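This briefing concerns the structure shown below.

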Amino acid sequence: MNLKLRCEDYGFECEFALDEEKSIELIRKLREHFEEEHGIEYTIEAVTQMITNRGHSLESIKK
Ligand SMILES: [Zn+2]
């Protein structure tokens with residue numbers, strides 16, 4: 001199942017978006033984007049929490 005993540009949903013004025021299969025790689029990509037484009041180094045755990053807070057279930061990919 002795909003998960004659509006839009007950077008603007010996480011507080012940035014940015015058109016970056018991901019629409020890919022729900023996986024740890026998807027979370028990594030969003031985390032890298034925050035770091036490279038916005039200079040903010042979130043942990044994977046923090047990004048996972050942010051996505052979960054928006055109502056997306058990530059249970060299927062939790063370690
Ligand atoms: Zn962005």
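**Histidine contact and overview**

The side chains of histidine 33 and histidine 38 are joined by a polar contact of 3.2 Å. A polar contact is a pair of N or O atoms within 3.5 Å; within protein, one must be able to donate a hydrogen and the other to accept it, and residues adjacent in sequence count only if both atoms are side-chain atoms. The model is predicted: local features need pLDDT of at least 70, side-chain atom pairs count only at pLDDT 80 or more, and totals for chains, interfaces and linings use all residues. Residues are numbered from 1 along each chain as its sequence is written, and side-chain values use heavy atoms, with hydrogens and water left out.

**Zinc site**

- Cys7 (SG), Cys14 (SG), His33 (NE2) and His38 (NE2) coordinate the zinc ion at 2.0 to 2.3 Å. Donors are N, O and S atoms within 2.8 Å of the metal (3.2 Å for Na, K and Ca); water is not among the atoms, so sites may look incomplete.
- The arrangement is tetrahedral because the 4 donor atoms around the zinc ion subtend angles of 104 to 118°. Four donors count as tetrahedral if all angles lie between 85 and 135 degrees; four count as square planar and six as octahedral if opposite donors are over 155 degrees apart and all others between 65 and 115; anything else is irregular.
- Along the chain, the donors of the zinc ion have the spacing C-x6-C-x18-H-x4-H.
- Cysteine 14 lies in the loop between strand E1 (2-6) and strand E2 (17-21), and histidine 33 lies in helix H1 (residues 24-38), so this pair ties together parts that are 19 residues apart in sequence. Helices (H or I, at least four residues) and strands (E, at least two) are DSSP runs, numbered from the N terminus.
- Both cysteine 14 and histidine 33 are buried; the relative accessibility of histidine 33 is 7%. Buried means under 20% relative accessible area, exposed over 50%, and partly exposed in between (1.4 Å probe, protein chains only).
- Not counting residues up to four places away in sequence, histidine 33 touches Cys7, Cys14, Phe16 and His38. Contact means heavy atoms within 4.5 Å.

**Aromatic residues**

- The count of aromatic pairs is 3. Rings of Phe, Tyr and Trp (its six-membered ring) pair if their centres lie within 6.5 Å; planes under 30 degrees apart count as stacked, over 60 as edge-to-face and the rest as tilted.
- Tyrosine 10 and phenylalanine 34 form an edge-to-face pair, 6.2 Å centre to centre with 65° between the planes.
- Tyrosine 10 lies in the loop between E1 and E2 and phenylalanine 34 in helix H1, so the pair ties together parts that are 24 residues apart in sequence.
- Tyrosine 10 is buried, at a relative accessible area of 11%, and phenylalanine 34 is buried at 0% relative accessibility.
- Phenylalanine 34 also forms an edge-to-face pair with tyrosine 42, at 5.2 Å centre to centre and 75° between the planes. Tyrosine 42 is partly exposed, with a relative accessible area of 23%.
- One aromatic cluster is formed by Tyr10, Phe12, Phe34 and Tyr42.
- Arginine 54 lies over the face of tyrosine 10, 5.8 Å from the ring centre. A charge sits over a ring if NZ of Lys or CZ of Arg is within 6 Å of the ring centre and within 35 degrees of the ring normal.

- Threonine 48 is found in helix H2 and is buried at 12% relative accessibility. Leaving aside neighbours within four places in sequence, threonine 48 is in contact with Ile27 and Leu58.
- Alanine 46 is placed in helix H2 (residues 44-53) and is partly exposed, with a relative accessible area of 27%. The C-alpha atoms of alanine 46 and arginine 31 are separated by 9.0 Å, the two residues being 15 residues apart along the chain.
- Glutamate 32, in helix H1, is partly exposed at 38% relative accessibility. Glutamate 32 and valine 47 are 10 Å apart in space, C-alpha to C-alpha, and 15 residues apart in sequence.

**Loop between E1 and E2**

- Glutamate 8 is located in this loop and counts as partly exposed at 44% relative accessibility.
- The side chains of glutamate 8 and arginine 6 make a polar contact (2.9 Å).
- The C-alpha atoms of glutamate 8 and glutamate 37, 29 residues apart along the chain, are separated by 13 Å.
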